[in-house]
Amino acid sequence: MATLNVNGKPHQVDVEPDTPLLYVLRDNLGLHGPKFGCGLAQCGSCSVLIDGKAVRSCTYAVGKVGPGKIVTLEGLGTPQKPHPVQQAFIEEQAAQCGYCINGMVIQTTAFLAARQSNPSEREIRQALQNNLCRCGTHQRIIAAVKRAAALMGKGA
Amino acid sequence: MATIETTRREFLIGTGALVVTFSLTPGREPHALAQTTGKAKPVALDQVDSFLAVHKDGTVTMYTGKVDLGTGTRIALPQMVAEELDIALDKIKLVEGDTALTPDQGPTWGSLSIQIGGVQLRQAAATARQMLVQMAVQKLGMPSADLAIKDGVIFVRAEPHRRVSYVELIGDRSFDLKVDKDAPLKNPKDHTVVGQPVPRPDVPGKVTGTHTYMQDFRVPGMLHARVIRPPAIGATLETVDESSIKGIKGARVVRQQSFLAVVAESEWAAVKAARQLKATWSKWEGLPEMSKLWEHVRSTKVAKDDVAVDRGDPKKAIAGAAKTLKATYDFAIHTHGSMGPACAVADVKGDTAEIWSPSQASHWLRREVAVVLQMDAKGIRIRYLDGAGCYGRNGHEDATCDAALISKLTGKPVRVQWMREDEHGWDPKGPPTLVEISAGLDAQGNIVGWDSELWVPQADITEWPRTLAATFAGIPQKEAINPGNIHRNLDPSYPFANQKAVAHRLESTPLRPSWIRTPGRMQNTYANEVFIDECAAVAGVDPVEYRLRYLTDPRGIAVLRAAANMAKWETRPSARRDQSGPIARGRGFAYVKYENARTYCAGVAEVEVNRQTGAIRCTRFYVAHDCGQIINPDGVRAQIEGQVIQTVSRTLKEELKWNRSRVTSVDWASYPILRFPEVPEVIMELINRPNDPPWGVGEPAACLPPPAISNAVFDAIGVRLRSVPFTPAKVVAATKTTGARA
Ligand code: FES
Ligand code: FES
């Protein structure tokens, strides 16, 4: 039995401690934001925030989470009330199949939260270099990150 | 039975919700038409009711066999119908890829969703509109010339209060009408919905985690399954030690001959069991050596020759030419590399099967599943749910057949989720492609003869590749090979006086093939467009001017000029020889008329080549594009950006690896793709021709990067790259043999 703090609420889950967090979020808690892409920490599709840091939940054992505060894509915002990063992705239409987009939004959220100023395009590309997209949505994703930074009032 | 509709109205207010409704027996669908008539909904391609239903509440359901694979057809197809039917876009509900409800419009492939699927829908809408107007003429007692339509209401233009709505005329009743291929279409100058960059309805849900993907779908009482593939492609299963997974709660083995899987109630238990299960397999080393691939291709038995073009006498023209050239181009085996491994849910009970799949081809898949289940296809219903982008036939169909078989063997609903190594290792591949071209040039450098040969596997184009489930389970199936229409564009997009192009269709190919985005057309255009660049260089002529010597098609000329203008193309022959230092820059051109029948595009690649390391970076890519009538310009842009970036990745990085037994590129470390820092800026110009038919968009521009990048590298360092991918090692090796020119 583990207690997890997910999207601001405590949840009791009855799983083996070696279970990757991804399976617990998806199968036990019914969350669909984090996706199974590789299970190998290579692609970023499964990313969630733990205490504000982007973490690959496919290789993160549930037993390791402890009191850490988990936020998934669903916890950031909703279609009616999207988080600024989500809003920017919607405005830029930055999704094709959308399978990678959870990882892109989570990584961007952690990246922008950790800085005061507007990131350069180079910095954005660096920040997302370990997130893979097969549809080739990169150009719109970069535009969405810039837009998100502007929406969040990051200084120049 | 669950029916899943994507409801436009809800999407447009931004919930991105899927409406899941339930009814109990086949033929009692929650669709007004079926409810009122008691008949199964028509799906024949010649019936209006197959495509459209007008409901009492003023909404319209449209049914299509074409599915949105992340490509934006979920908005583009409704735009076409809303326009032609004169109803508001937010009144349309869309049902995609449900074999019980949607017409079989063919698989979602070949850049044909709008060109064929959309045009069928539009004609059905035009037919419906024609009938509704005739009904209104009766009802209102006015000639049709005095009537107008707005938002599903027909009214007398001079007296707008005299009106009748579609709902009153046909609401919840069937049209009982054949599609009239002559029903008039609206004049494009009156279009208000077609041609607009309407946002996609599914993006808000995809960005907030509320969109239901195949991977998210569950049914009650469902087991989680994992398949276990042999360590060698042709191995057979010898022994299974079921006790090896005894400690894992609820996990058990499912087996039919060499088809091996584990099921469990919890997904993680299934994953662990699949990893822990001990099994022994026979030895098999039937793959050719990877380092000898091209010798293997050349020595494979030719089943037949297909002649793509045969005009004049190229052999004689080349023999008598002032200069002759010959070059060979090869293109590696590629995997689809979908970001999410395949997934499907199946519930097989007696002689019926309920199946949910992300397949691009629900109707085909139904027949495939029938083979695997050894059951009449009539009892099988397949419903589409979004998976990760597939770019052709990836693992979706195999995973679906796996789920069907495991459900049959266990008697339970089953969800199969492939792991990363299943998708990379076992999805069908884009076959290895080899092209050889000879040409003769006259004293002015003009091409007087062109002779090309292509070595590719044969294609049984109406058959699906054999499925893994049937193969391993020993279920009889047709042993077809189908890599798609890979001979297209072998004939160059220029009308040379003497030219021949022959495709040698090989009896076999090392790994099970299928189609991957722009199949064959990419490889053939790559060879043709590099070769013409080689001719231009020999002639000492600017590559764009050289192409203009031959191009007569005004639409072709227009895209060619547009691309050159956009890129500020500097007129001069390649290679440039004015650079020193480790980084050399170059630009390269490419042009294609897709399948020599439709969408025109031209592209310019800008590259930086590191002479020491051989690393190539494509910094910018320009595309000029004419697909005729544009339905949704933002959708067109997204598709072009995506296919350029994906193909830059394929061109620079991708090569599937294997040993004598199996594929060894099984994850993103062993099959690297382009990453953010390496992605080019994609700049484009769309030429809209509203009065022309709408052509395909999802594939044509993907022809451009391989040749444009090769030509740009030549421009930069004077070295020809004739083998995809253009890895640093190949650049260094080619530099040594060519002798690097500064
Ligand atoms: S699924 Fe976790 S990084 Fe790929
Ligand atoms: S949008 Fe499909 S993988 Fe990124």
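Trainee: How much area is buried between chain A and chain B?

Mentor: Buried area is the accessible area that two parts lose on being put together, summed over both and taken with a 1.4 Å probe. Between chain A and chain B it is about 4800 Å², with carbon and sulfur atoms giving 55%. On the chain A side, A:Arg125, A:Arg134 and A:Gln139 lose the most area to chain B, together 18% of what that side buries. Keep in mind that this is a predicted model: local features need pLDDT of at least 70, side-chain atom pairs count only at pLDDT 80 or more, and totals for chains, interfaces and linings use all residues. Residues are numbered from 1 along each chain as its sequence is written, chains are lettered from A and ligands numbered from 1 in the order written, and side-chain values use heavy atoms, leaving out hydrogens and water.

Trainee: How many residues does each chain bring to the contact?

Mentor: A contact means heavy atoms within 4.5 Å. Chain A supplies 52 residues and chain B supplies 64 residues.

Trainee: What is the secondary structure of chain A?

Mentor: Helices (H or I, at least four residues) and strands (E, at least two) are DSSP runs, numbered from the N terminus. Chain A has 6 helices and 5 strands, in the order β-β-α-β-β-β-α-α-α-α-α from the N terminus on. Its radius of gyration is 15 Å, close to the 15 Å that the globule rule gives for 156 residues, so chain A is as compact as a globular protein of that length. That radius is taken over C-alpha atoms, and the rule is 2.2 Å times the number of residues to the power 0.38.

Trainee: And how many helices and strands are there in chain B?

Mentor: Chain B contains 20 helices and 27 strands. Its radius of gyration, 27 Å, agrees with the value near 27 Å for a compact globule of 742 residues. Along the principal axes, the C-alpha atoms of chain B fill a box of roughly 80 × 75 × 45 Å. Among contacts in chain B between residues at least 6 apart in sequence, 77% join residues at least 24 apart.

Trainee: What share of the residues in chain B is buried?

Mentor: Buried means under 20% relative accessible area, exposed over 50%, and partly exposed in between (1.4 Å probe, protein chains only). In chain B, 65% of the 742 residues are buried; in chain A, 60% of the 156 residues are.

Trainee: Which residues have the most contacts inside the largest nonpolar core?

Mentor: A nonpolar core is a set of buried Ala, Val, Leu, Ile, Met, Phe, Trp, Tyr and Cys residues joined through side-chain atoms within 4.5 Å. The largest has 91 residues, and B:Phe531, B:Tyr546 and B:Ile709 are among those with the most contacts inside it. Helix H15 (residues 521-539) of chain B gives the largest share, 8 residues. A second, separate core of 62 residues includes A:Tyr23, A:Ile106, B:Tyr213 and B:Trp455.

Trainee: Is B:Lys41 buried or exposed?

Mentor: B:Lys41 is buried, because its relative accessibility is 8%. It sits in the loop between helix H2 (32-37) and helix H3 (48-51) of chain B. A polar atom of its side chain lies 2.8 Å from the backbone oxygen of B:Ser50, and the side chain also reaches the backbone oxygen of B:Asp49 at 3.5 Å.

How values were computed
Polar contact = N/O pair within 3.5 Å; in protein donor to acceptor, adjacent residues only side chain to side chain.
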